[in-house]
Amino acid sequence: MRAPNPDVVRVLIHSDARQTIKTAAARAFPLEAGGLLLGWWDNDMVVVRAAIEVVDPAATGTSWIRHEGLAQRALDQAVAKFGHPWLGYIGDWHSHPAACDASQQDRQSIRIASLAYAQPLVLIVHRRDGIIDIHAARHGRPQTVSAESI
Ligand SMILES: [Zn+2]
């Protein structure tokens, strides 16, 4: 048996980010919506300051795919708009038009993406019932999340 993973990542989610995700999820329903999480790292804490939507023209009720070109453009625009010196990409979000948590594939995607970063990445899944499912990965390994709202 594997020993329990001792790594804990604190995730601070700003109400602006929650609101953007909630609004985009409601607008896209019954299809999935998704996008990027913007914020910064502060020691072992990830601050999720904002969320931006990246439209997937081929989204379905069970799939939203991040198009890299559109995502990069949305990221550049958001960073320029917010004008915050620390703000950058810290993870992804998408909605589930059902009351279900992040899938195995969702969790695998964020683990793989985290291999390219020195700091942990966050995945937020907004469920239809309003519950937010939060995951984090560091260097390809899933982390235990301790989430707080600000
Ligand atoms: Zn999903």
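Two strands count as paired if DSSP finds at least two bridges between them. Strands here are DSSP runs of type E, at least two residues long, and helices are H or I runs of at least four residues, both numbered from the N terminus. With that in hand, take strand 7: there, Gln 143 is the bridge partner of Ala 136.

Now, some ground rules. This is a predicted model; local features need pLDDT of at least 70, side-chain atom pairs count only at pLDDT 80 or more, and totals for chains, interfaces and linings use all residues. Residues are numbered from 1 along each chain, as its sequence is written.

Next, the overall picture. The protein chain has 3 helices and 7 strands. Their pattern along the sequence is β-α-β-β-α-β-α-β-β-β. The radius of gyration is 14 Å, close to the 15 Å that the globule rule gives for 150 residues, so the chain is as compact as a globular protein of that length. That radius is taken over C-alpha atoms, and the rule is 2.2 Å times the number of residues to the power 0.38.

Contact means that the C-beta atoms of two residues, placed from the backbone, lie within 7 Å.

On to helix 3, residues 104-114. Which residues are buried in helix 3? They are Ile 110, Arg 111 and Ser 114. Buried means 20 or more other C-beta atoms within 10 Å of the residue's own; exposed means 12 or fewer; partly exposed lies in between, with C-beta atoms placed from the backbone. Seen down the axis of helix 3, its buried residues fall within an arc of 105 degrees, so they line one face. The arc is that of the directions from the helix axis to the C-beta atoms. These buried residues pack against strand 4, strand 5 (121-127), strand 6 and strand 7. The face turned away carries exposed Gln 105 and Ile 112.

Last stop: Pro 85, in the loop between helix 2 (68-82) and strand 4 (88-96). Why does Pro 85 count as exposed? Because Pro 85 has 8 C-beta neighbours inside 10 Å.
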